[in-house]
Amino acid sequence: MPVYTVHAPLASGADLRSTDRFVFIRDGFHLWAAVLGAVWLAWHRLWLATLGWVVLMIVLDVILVRVGVGGGTIALVNLLAAILLGLEASSLKRWSYSRRHWRQLDVVVADDLDAAERRFFERWAARRSDLGYDNHTVDRGAAPPTRDNGNGQRPPPLPHASIIGLFPEPGGGR
């Protein structure tokens with residue numbers, strides 16, 4: 001299943017008025033980035049990465065020619081570099097957004113972009129309502145909402161949002 005990262009500009013505050021600016025970036029191999037390299041980077045307005053890619057490929061080819069490497073080996077090195085770009089294209093997009101002061105809000109696993117958006121906004125709306133963010137207002141004097149499973153007992157705490165994998169609580173027992 002594809003994995004998507006969700007990004008929002010820092011200035012927006014991630015409120016309901018700015019949800020149309022959220023960006024979903026699919027992680028994985030990008031065929032067109034591998035095939036068209038600099039064109040794909042420029043199409044996605046990754047200008048610094050485009051410049052870096054062009055310079056890297058020129059320098060790499062010049063060094064290989066000066067060393068006396070054959071044409072087949074140069075083609076193989078270029079193919080491997082193109083495959084690497086296809087694998088890292090998503091990371092370059094995320095890096096570009098972070099340079100423009102966007103923050104990563106969430107990671108979503110879904111079959112396609114529509115399902116990822118639906119899953120993200122369902123979780124995001126649930127988190128906002130749990131925190132008391134309804135209709136863009138928060139009652140600062142009210143006690144924080146509690147989670148209760150109906151029998152007066154509180155369920156175990158949710159894992160921290162930045163923890164991924166088999167470690168449910170930061171600093172928790174093993």
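These questions and answers concern a predicted model of one protein chain.

Q: Why is W32 called exposed?
A: The relative accessibility of W32, which has its place in helix α1, is 55%, and because a residue counts as exposed when this value is over 50%, W32 counts as exposed.

Q: What makes the nonpolar surface patch, and which element gives the largest share?
A: The patch of about 1,100 Å² is made by F29, L31, W32, V35, L36, V39, L76, L79, L80, I83 and L87. The elements that give two or more residues to the patch are α1 (31–36) and α4 (71–99), and the largest share, 5 residues, comes from α4.

Q: Why is the set that includes Y4, V6 and A8 called a nonpolar core?
A: A nonpolar core is a set of buried residues of kinds such as Ala, Val, Phe, Trp and Tyr, joined through side-chain atoms within 4.5 Å. The largest such core has 11 residues, namely Y4, V6, A8, F22, F24, V108, A110, A115, A116, F120 and W124, and therefore each of these residues counts as buried, which is to say under 20% relative accessible area. At least two residues of this core are supplied by each of β1 (3–9) and α5 (113–130), with α5 giving the most, 4 residues. Apart from this core lies another, of 10 residues, among them W40, A49, M57 and A89.

Q: Which residues does A8 touch, not counting residues up to four places away in sequence?
A: With those neighbours not counted, A8 touches F22, W102, R103 and L105, where a contact requires heavy atoms within 4.5 Å.

Q: Where does α4 bend, and what do the buried residues of α4 pack against?
A: The bend of α4 is about 55 degrees and lies at E88. Just after α4, H101 takes a positive phi of about 65 degrees.

Q: How many of the 174 residues of the protein chain, as a percentage, count as buried?
A: Of the 174 residues, 26% count as buried.

Note on methods: Residues are numbered from 1 along each chain as its sequence is written. This is a predicted model: local features need pLDDT of at least 70, side-chain atom pairs count only at pLDDT 80 or more; totals for chains, interfaces and linings use all residues. Side-chain values use heavy atoms; hydrogens and water are left out. Buried means under 20% relative accessible area, exposed over 50%, partly exposed in between (1.4 Å probe, protein chains only). Patches are made of residues with over 30% relative accessible area and no salt bridge: like charges are joined within 9 Å, nonpolar side chains (Val, Leu, Ile, Met, Phe, Trp, Tyr) within 5 Å. Accessible areas come from the Shrake-Rupley method with a 1.4 Å probe; for residues, only the protein chains shown count as cover. A salt bridge is a side-chain nitrogen of Lys or Arg within 4 Å of a carboxyl oxygen of Asp or Glu. The bend at a residue is the angle between axes fitted to the seven residues ending there and the seven starting there.
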